[in-house]
Amino acid sequence: MRGLAGKVAIIAGGGRGIGAATARRLAQEGARVVVGDIRGDWAEETAAAIREAGFAAIGRTVDGTSPESVGDIVRAAVSEYGGLDIFHANLAGGTEGDIDALNCPLDVFGRSIAINLTSHLICTQAALPVLLERGG
């Protein structure tokens with residue numbers, strides 16, 4: 001199957017689990033993949049496994065709560081592969097202590113919102129102009 005031949009995809013949160021599986025599948029379908037993760041070593045390990053399987057991938061560190069960091073990974077996709085067609089924001093995580101509403105400190109709650117909600121807006125704002133340039 002090569003339904004995504006010529007497409008460029010970013011998977012933010014792609015170092016492990018569902019994100020890594022998504023990166024591998026998109027590569028198998030022909031997409032050139034940029035794997036991003038807060039753990040840059042995980043991103044590069046996943047990208048290396050994709051390359052070893054004969055597909056195109058690079059790994060990058062990305063912090064989904066940072067507009068600069070997300071902008072960097074979008075620029076990496078454009079620089080390495082010439083554009084962007086798919087952005088999968090697989091960003092989520094617990095922040096220790098955000099499961100008890102009665103005892104959750106506001107700074108912990110704020111970090112949880114940043115990781116699990118705000119990061120998706122940041123990704124949309126960084127990726128959408130480039131996606132639209134390609135007609136996506």
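**Notebook: sheet, helices and a pocket**

I am working on a predicted model, in which local features need pLDDT of at least 70 and side-chain atom pairs pLDDT 80 or more, while totals for chains, interfaces and linings use all residues. Numbering starts from 1 along each chain as its sequence is written, and side-chain values use heavy atoms, with hydrogens and water left out.

**Strands**

I took helices (H or I, at least four residues) and strands (E, at least two) as DSSP runs, numbered from the N terminus. Two strands count as paired if DSSP finds at least two bridges between them. β1 and β2 are parallel, with 5 bridges. β2 and β3 also run parallel and are joined by 5 bridges; there I noted Val33 with Ala57 of β3 as its bridge partner.

Which order do the strands take? I read β3-β2-β1-β4, an open sheet of 4 strands with parallel pairing. β3 (57-61) and β4 (86-89) are at the edges with a single partner strand each, so one side of each has no neighbour in the sheet. From one strand to the next, the twist averages 15°.

**Around β1**

Next I checked burial (buried is under 20% relative accessible area, exposed over 50%, partly exposed in between; 1.4 Å probe, protein chains only). In β1, 5 of the 5 residues are buried, so the strand is largely enclosed by the rest of the structure. Val8, Ile10 and Ala12 cover one side, Ala9 and Ile11 the other, and all are buried.

**Thr46**

I then looked up Thr46, which is in helix α2 (residues 40-52). Is Thr46 buried or exposed? Thr46 is buried, at a relative accessible area of 6%. Beyond its neighbours within four places in sequence, Thr46 is in contact (heavy atoms within 4.5 Å) with Gly14, Gly15, Ala20, Ala23 and Val35.

**Pocket**

My last stop was the largest pocket, with about 350 Å³ of space. On a 1 Å grid over the protein atoms alone, a pocket is an open set of points where a 1.4 Å probe fits, with protein on both sides within 12 Å along at least five of seven lines, and lining residues have an atom within 4 Å of a point. Points are joined across faces, edges and corners, and the volume is the space filled by probe spheres set on them. Of its 19 lining residues, Gly13, Asp37, Ile38, Leu91 and Ala92 are the closest to the centre. β2 (32-37) and α4 (106-133) are the elements giving two or more residues to the lining, and α4 has the largest share, 3 residues.

Conventions: Axes are lines fitted to C-alpha atoms, for helices over the stretch in contact, and angles run from 0 to 180 degrees between N-to-C directions.
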